[in-house]
Amino acid sequence: MAIYIVERFLPGMTQEQVEKIQQSEKNLTQAAESAGGQIRHIRTIYVPGEVHYMSMFEAADPESLRAANEEAELPFTRIIEAAEL
């Protein structure tokens, strides 16, 4: 399992919409787990002034994480591999 950052650029999002995305991320990991997938949400950082939302996940590969985000209809800019130091 590797660590990935899912970047989301969310211009014009209200706090309520950001909270819905956060809940959708939780649902995404639960759905992946139920389907036998291995995706674990680690943490999320939201920078309101920059409308930047970054979530750290542990997953088997970036393709499965991308597919899970697309299935959950969560917008994302990119998925990049990262290392937790």
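Here is a quick tour of a predicted protein model.

## Ground rules

Residues are counted from 1 along each chain, in the order its sequence is written. Because this is a predicted model, local features need pLDDT of at least 70 and side-chain atom pairs count only at pLDDT 80 or more, while totals for chains, interfaces and linings use all residues; side-chain values use heavy atoms, with hydrogens and water left out.

## Overall build

The protein has two helices and four strands. Those are DSSP runs, numbered from the N terminus: helices are H or I with at least four residues, strands are E with at least two.

## Inside and contacts

Of the 85 residues, 31% count as buried, meaning under 20% relative accessible area with a 1.4 Å probe, protein chains only. As for contacts (heavy atoms within 4.5 Å), take those between residues at least 6 apart in sequence: 66% join residues at least 24 apart.

The predictor's confidence in each residue is its pLDDT, from 0 to 100. The mean for the protein is 89, and 100% of its residues reach 70 or more. Confidence is lowest in helix H1 (residues 15-34), at a mean of 86, and highest in strand E4 (residues 78-82), at 97.

Technical notes:
Buried < 20%, exposed > 50% of the residue type's maximum accessible area, 1.4 Å probe, protein only.
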